[in-house]
Amino acid sequence: YETDLAHLRAKLQAGAEYVVTQQFFNVARFEQFHKDCRRIGITAPIIPGLMPIHNFESFRRIVRFCRTDVPKSINDRLRPISNDDEAVKRFGAQLGTEMAAELLKGSMGYGVH
C-alpha cells in the first residue's frame, strides 16, 4: 500500500493535477486513503469514483474483477433484493446518493466521478 502511495505521489510530481479513484463502496476506506495521501504530502484534489449499482449480477462481477471491498452492511441490504432488478436499481441510487453526500461534506468535497 505504501508503495502504491509513493507511485501516486510520483505521478503527481511528474505533472498530474488531480487523482480520480476507481469505484468503491467503502467510504471509510476512502477516507483513510485520503488521510494517507495527505500524510505523505499529496495535496492534489482526490476525486472519488462512485458507480451506481444497476443489477446484482453486474455488481458482483465488477466487485470480483476489481477486488473491491464491500462493507457487510451493503451486502446485507442487497442480498434480500438480489433477484429484483428494480429494487436493486432503487437501492443503488439511494446508496450512491448517501455515499456522495457523505463524501462531499467536510474537507474531501472536491466532487465525485
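Why does Phe59 count as buried? Its relative accessibility is 4%, and buried means under 20% relative accessible area, with exposed over 50% and partly exposed in between (1.4 Å probe, protein chains only).

The legends below describe a predicted model, in which local features need pLDDT of at least 70 and side-chain atom pairs count only at pLDDT 80 or more, while totals for chains, interfaces and linings use all residues. Residues are numbered from 1 along each chain as its sequence is written, and side-chain values use heavy atoms, with hydrogens and water left out.

**View 1. The whole protein contains five helices and two strands.** Helices (H or I, at least four residues) and strands (E, at least two) are DSSP runs, numbered from the N terminus. Read from the N terminus, the order of elements is α-β-α-β-α-α-α. Along the principal axes, the C-alpha atoms fill a box of roughly 45 × 30 × 20 Å. Of the 113 residues in the protein, 37% are buried. Contact means heavy atoms within 4.5 Å. Among contacts between residues at least 6 apart in sequence, 73% join residues at least 24 apart.

**View 2. Phe25 and Phe59 form one of the four aromatic pairs in the structure.** Rings of Phe, Tyr and Trp (its six-membered ring) pair if their centres lie within 6.5 Å; planes under 30 degrees apart count as stacked, over 60 as edge-to-face and the rest as tilted. The rings of Phe25 and Phe59 are edge-to-face, at 5.2 Å centre to centre and 80° between the planes. This pair links distant parts of the chain, 34 residues apart: Phe25 is in the loop between strand 1 (19-23) and helix 2 (27-39), and Phe59 is in helix 3 (residues 56-66). Phe25 and Phe59 are both buried.

**View 3. Phe59 also pairs with Phe56.** Here the rings are tilted, with 6.3 Å from centre to centre and 40° between the planes. Phe56 and Phe59 both belong to helix 3 and are three residues apart, about one turn of the helix. Phe56 counts as buried because its relative accessibility is 15%. Elsewhere, Phe24, Phe30 and Phe33 make up one aromatic cluster.

**View 4. Helix 1 (residues 2-13) packs on helix 2.** The angle is about 60° and the axes are 10 Å apart. Because of that angle, helix 1 is oblique to helix 2. Axes are lines fitted to C-alpha atoms, for helices over the stretch in contact, and angles run from 0 to 180 degrees between N-to-C directions. Angles under 35 degrees count as roughly parallel, over 145 as roughly antiparallel, 65 to 115 as roughly perpendicular and the rest as oblique. The crossing of helix 1 and helix 2 is right-handed; a crossing has this hand if the near helix is turned clockwise from the far one by less than a right angle, and is left-handed if anticlockwise. Helix 1 contributes Glu2, Leu5 and Leu8 to the contact, and helix 2 contributes Phe33, Asp36, Cys37 and Arg39. Glu2, Asp36 and Arg39 are also linked in a network of salt bridges.

View 5. Lys72 is exposed, at 61% relative accessibility, whereas Asp76 is partly exposed, at 33%.

**View 6. Glu98 and Arg77 form a salt bridge, with 3.8 Å between the closest N and O atoms.** The pair links distant parts of the chain, since Glu98 lies in helix 5 (residues 85-104) and Arg77 in helix 4, 21 residues apart. Both are partly exposed: the relative accessible area is 36% for Glu98 and 35% for Arg77.

View 7. Glu86 is partly exposed at 47% relative accessibility, and Lys89 is partly exposed at 39%.

Conventions: A salt bridge is a side-chain nitrogen of Lys or Arg within 4 Å of a carboxyl oxygen of Asp or Glu.
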